[in-house]
Amino acid sequence: MSPRAGHPGHPAHTLAFVESPVQLLNVLEWAHAHGLHGTTGQARPALPARAGRPAAGEPAPPAGAPLTLVVLSPTDPMTRGQLRRMADLARDEGYRVRWEEARGGTTAPFHTVGGLAGSLRRAERIVMGDPFSRYVQLLLTITRARDLVVVDDGTATMEFVAQLARGERLVRWHRKGGRPGARDLLFAPVSSSARRRLTPSARRRVEVFSSMPVTETPDGVTVTANDFAWTRARFGPPRITKGADLVGTSLVETGVVDGDRYLTAVRDLAGAHGATRYFAHRRESAQKLHRLAAGTGLEIVRPDLPLELIARRGPIGRTVLSFPSTVVHTLPLALAGTGVRVAVCDIDPSWLTDTASPRAQGFLSGVTGTARDVHRLTAVSPA
């Protein structure tokens with residue numbers, strides 16, 4: 001999709017909605033791949049060592065920027081901290097950043113939607129990181145944009161593309177198979193409208209920008225590969241240590257994997273491969289991480305940026321161990337040419353909770369099986 005997809009003679013103004021640090025990173029990758037340069041003309045050489053500017057009183061955005069990033073801020077402190085850092089990176093690249101306290105109270109959604117309505121109607125292209133988000137689905141009912149872009153929000157992108165290809169309602173993979181709740185039924189008309197808008201037509205173009213394997217491509221959807229070229233150009237190469245690092249997952253927090261089984265698996269995996277550090281997922285609870293530290297002896301690291309950037313900056317272990325997650329697809333791309341080996345350990349069916357979605361095992365196996373350039377560990381065993 002050309003950066004000049006709007007009116008002839010000038011770049012289309014793009015409005016991007018993000019709710020997580022990974023989504024914001026992938027918007028920057030998409031802008032880089034499509035030649036949407038910020039107003040600074042070039043990136044600044046260093047990453048500021050600070051937590052981010054406060055939402056209130058931040059300076060006016062630069063005029064003429066072809067991309068405005070709207071952060072629909074969550075309430076989770078870890079996610080907010082990473083988003084602040086990523087927002088600084090976006091500003092350093094010369095893009096506008098608009099921080100919205102979208103969940104800051106009962107009336108916050110009304111103020112946010114009302115304040116964005118004018119920009120939504122004027123935007124010629126909308127980029128979103130999470131088409132399953134009710135917030136994003138509601139905003140899609142307002143826009144008149146002819147170009148819609150979905151950038152990666154992790155493994156959920158694989159499920160979104162498959163559901164769109166099959167004409168199914170948009171449901172997150174770990175909730176699929178359960179009965180819709182009252183809120184789901186109430187929101188169903190908005191979700192249906194969003195799915196129709198995300199279906200290509202003579203009046204609307206749809207692009208999926210992804211590093212995930214896309215096996216079912218909906219008719220008319222353009223799929224563009226994300227190879228993390230911006231990340232590799234901006235950071236690194238990293239210093240490689242001799243040991244192994246382990247990447248955490250939020251599968252316990254989403255109710256898919258039993259907490260005790262996960263603790264045992266992490267302890268055994270770390271012991272078998274000599275891992276010393278555990279990079280926590282931003283959604284992992286403090287209580288669970290305390291148990292992991294006490295039960296495994298691992299150093300718990302709370303990254304202040306998405307792991308792709310942390311790994312690229314280094315130092316990083318010569319082997320990176322992970323359970324099925326987005327990073328088994330993204331880290332080999334971000335670390336291409338460094339010699340780091342990414343190894344993935346399958347989720348044993350016995351680790352799943354009684355309430356896990358019937359699709360959980362098949363989906364997680366698909367995440368592992370479709371990963372490229374990774375070493376597959378079929379069991380927790382010595383290296």
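User: Why is Phe-228 called buried?
Analyst: Its relative accessible area is 1%. Buried means under 20%, exposed over 50%, partly exposed in between (1.4 Å probe, protein chains only). So Phe-228 counts as buried. This is a predicted model: local features need pLDDT of at least 70, side-chain atom pairs count only at pLDDT 80 or more, and totals for chains, interfaces and linings use all residues. Residues are numbered from 1 along each chain as its sequence is written, and side-chain values use heavy atoms, without hydrogens and water.

User: Why does Gly-369 count as partly exposed?
Analyst: Because its relative accessibility is 46%. Gly-369 lies in helix α12 (residues 360-369).

User: Why does His-34 count as buried?
Analyst: The relative accessibility of His-34 is 8%, so it counts as buried.

User: What makes the link between the side chains of His-34 and Glu-207 a polar contact?
Analyst: The distance is 3.0 Å. A polar contact is a pair of N or O atoms within 3.5 Å; within protein, one must be able to donate a hydrogen and the other to accept it, and residues adjacent in sequence count only if both atoms are side-chain atoms.

User: What makes the peptide bond from Gly-236 to Pro-237 cis?
Analyst: Its omega is near 0°.

Key: Helix = DSSP H or I, 4+ residues; strand = E, 2+ residues; numbered from the N terminus.
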